[in-house]
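The structure under discussion is shown below.

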Amino acid sequence: MTPEEFDAFYLASFSRVVAQIHAMCGNFAEAQDCTQEAFVRAWDRRSQLDAAGSPEAWVRTVAYRLAVSRWRKARGAFRQLDRAVEDRQVAQPSPDRLALDWALAQLPEEQRRVIVLHHLCDTGVNDIAEETGVPTGTVKARLSRGRATLARLLADTDQAD
C-alpha cells in the first residue's frame, strides 16, 4: 500500500473503526486511542497490507486487542478524566443509543463482539469467524444467543419506561 493509498484508507476507515471499537469496549476515548494506535501500527506495515484485501479488519482486530489489553491492565483502577477533554462539547446520544449501549454492555464479550461485527460493521459470518479465530458455527451460536439476550434486555428497557 502506497502512502497515498494508506491516507485514503485512513480517512475512509478511522471514524467507522472508532465507532465499532466503541461499541465493543464501551469507552469512546479508549476506542479512539486504540484505533489511532492500530493505524500507527498499520502505517509501519503498510507495505504488507493489501488494499484489495481487508486492511480494515486487520486494524479493527489490532484496535480491539489493544482495548482488551488496556482493560486488563486498568482493571480495578479508575482513570481520571483528561481535563482538556472535559471542556469539549459532545453531542448527547439518543435514549435509544443509550439503551443499546447499555444492553450491549450486558452481553458476554464474545457475543458482543460478533453482534457488533455483524450488525454494526456489516461483516459476514465467515469473515467474523476468520477475524475472531472461531468456527462459523460458533459465530452463528453467539449471534443467536446475543440477539435473544439483546431482544430481552431492550424489551425490559421499553417496559420500564
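## Cysteines

In this predicted model, the cysteine sulfur closest to that of C25 belongs to C34, at 6.5 Å, which is too far for a bond. A disulfide requires the two sulfur atoms to lie within 2.5 Å. A search of the whole structure accordingly returns zero disulfides.

With a relative accessible area of 35%, C25 is partly exposed, whereas C121 counts as buried at 13%.

## Nonpolar core

The largest nonpolar core comprises 38 residues, of which F6, I21, V59 and V139 touch the most other members. Elements giving two or more residues to this core include α1 (3-25), α3 (55-74) and α8 (136-160). Helix α1 gives the most, with eight residues.

Leaving aside residues up to four places away in sequence, F6 touches M1, F39, A42, W43, R46 and L49.

## Aromatic contacts

The structure holds seven aromatic pairs. The ring centres of F6 and F9 are 5.8 Å apart and the planes stand at 70°, so this pair is edge-to-face. Both residues lie in helix α1, three residues apart; F6 is buried at 5% relative accessible area, and F9 is buried at 11%.

The rings of Y10 and F14 form a tilted pair, with centres 5.2 Å apart and planes at 35°. These two residues are four apart in helix α1, about one helical turn. Y10 is partly exposed at 25%, while F14 counts as buried at 17%.

F6, F9, Y10, F14, F39 and W43 form one aromatic cluster. R46 lies over the face of W43, 3.7 Å from the ring centre.

Technical notes
Residues numbered from 1 in each chain as written. Predicted model: local features only at pLDDT ≥ 70, side-chain atom pairs only at ≥ 80, totals over all residues. Heavy atoms only, no water. Core = buried A, V, L, I, M, F, W, Y, C linked by side-chain atoms within 4.5 Å. Buried < 20%, exposed > 50% of the residue type's maximum accessible area, 1.4 Å probe, protein only. Contact = heavy atoms within 4.5 Å. Phe/Tyr/Trp six-rings, centres within 6.5 Å; stacked < 30°, edge-to-face > 60°. Lys NZ or Arg CZ within 6 Å of the ring centre and 35° of its normal.
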